[in-house]
Amino acid sequence: GIRPPRTALKARVSLKEERRFASVRGILRQQGLSTVCEEARCPNQGECWSSGTATFMILGDVCTRSCGFCAVATGRPDPPDPGEPERVAEAAARMRLSHVVVTSVDRDDLADGGASFFAETVRHIREKCPGAAIEILIPDFKADPGALAAVFASRPDVLNHNIETVRRLTPFVRPQGKYDRSLSVVRQAASAGLAAKSGIMVGLGETRAEIEETLNDLAAAGCRIVTVGQYLQPSRKSLPVTRFYVSDEFEEISRLGRAMGIDRVSAGPLVRSSYHAARQVEGESVNG
């Protein structure tokens, strides 16, 4: 099989900050919360938890969709836990987070796709962490106007929805997703006055011209922040990696996106939507 360059698998931390890592894990366990760090097998979990950060995943840990790149379990989820939004806020407060990131599985089984839970979670975090910035990474909610309006009305500081891949590959990578529907979510978030963000994975078979087209589409939709990371196959059942990009290619993609008018483009082998999210918003270089 294709082997990644050493930079793609380089350990991000030595875990010298084991105490901080254990503290984050303890708070999450006590509050009965899931994180995308664990469920999606993120390669940055050690670094992030050791620095006292984590990305909360609400609405359970079972997804109703079956994307080819994702390690999160697919199936029939349990009913949402009404106490979860408040527990997320409590955990964020105990972790003393200055930038809180919340995402979720897809919940196509719910009438609003879980939008009301996102809105409630944002409200609770505002109450318990009044000085914190809040970033939410949302599903597409099938672009339902009412669901999106409810989330937009909660006024998160950053509204992220990942387009994930180029138009041609979307049916294979995200069989229940739609490229133009995702663009619409980003466009509507920007039109609502929110800082719109999106993300792309590379290494799934896309061409440079297709990357350029996707960046251009996101720029035209009003996207202000874009992350570009190397796809790493999380399980044997997941889509294979077609190639690994090198640092110069990520730097070129970053320059290309900025030239198109995107304010901040973070690109690198281990860059993910939530990796150093606060630095992404502030415009610092995050190369993963």
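The axes of helix α9 (residues 179-191) and helix α10 (residues 208-220) come within 9 Å of each other and cross at roughly 35°, where axes are lines fitted to C-alpha atoms, for helices over the stretch in contact, and angles run from 0 to 180 degrees between N-to-C directions. This is a predicted model, in which local features need pLDDT of at least 70 and side-chain atom pairs count only at pLDDT 80 or more, while totals for chains, interfaces and linings use all residues. Residues are numbered from 1 along each chain as its sequence is written, and side-chain values use heavy atoms, with hydrogens and water left out. The chain holds twelve helices and ten strands; helices (H or I, at least four residues) and strands (E, at least two) are DSSP runs, numbered from the N terminus.

**Helix α9 and its surroundings**

- In the contact between the two helices, Y179, L183 and V186 of α9 meet E213, T214, D217 and L218 of α10, contact meaning heavy atoms within 4.5 Å.
- By class, this contact of α9 with α10 comprises four nonpolar, one polar and two charged residues; Ala, Val, Leu, Ile, Met, Phe, Trp, Tyr, Cys and Pro count as nonpolar, Asp, Glu, Lys and Arg as charged, and the others, Gly among them, as polar.
- The buried residues of α9 are Y179, R181, S182, L183, S184, V185, V186 and A189, where buried means under 20% relative accessible area, exposed over 50%, and partly exposed in between (1.4 Å probe, protein chains only).
- The cover over these buried residues of α9 includes α7 (145-153), β7 (158-160), α8 (170-173), β8 (195-202) and α10.
- At 1.5 Å a residue, the 13 residues of α9 should span 18 Å, and this agrees with its end C-alpha atoms, which are 18 Å apart; the expected span of a helix is 1.5 Å times one less than its number of residues.
- After α9 comes G193, whose phi is positive, near 85°.

- Strand β9 (residues 225-230) is mostly covered, with six of its six residues buried.
- β8 and β9 run parallel and are joined by six bridges, two strands being counted as a pair if DSSP finds at least two bridges between them; within β9, T227 has G199 standing opposite.
- β8, α10 and β9 make a right-handed β-α-β unit, a crossover being right-handed if, with the strands pointing away from the viewer, the path from the first strand over the helix to the second runs clockwise.
- β9 also pairs in the parallel sense with strand β10 (residues 264-268), over five bridges, and V228 stands opposite A267 in β10.
- From β9 the chain crosses through helix α11 (residues 247-259) to β10, in a β-α-β crossover that is right-handed.

- L59, found in the loop between β2 (55-58) and β3 (62-63), has a phi near 70°, a positive value in a residue other than glycine; L59 counts as buried because its relative accessibility is 1%.
- R96, found in the loop between α5 (84-94) and β5 (99-104), has a positive phi near 55° and is likewise a residue other than glycine, but R96 is exposed, with a relative accessible area of 76%.

**The chain as a whole**

- Of the 288 residues of the chain, 51% count as buried.
- Among contacts in the chain between residues at least 6 apart in sequence, 71% join residues at least 24 apart.
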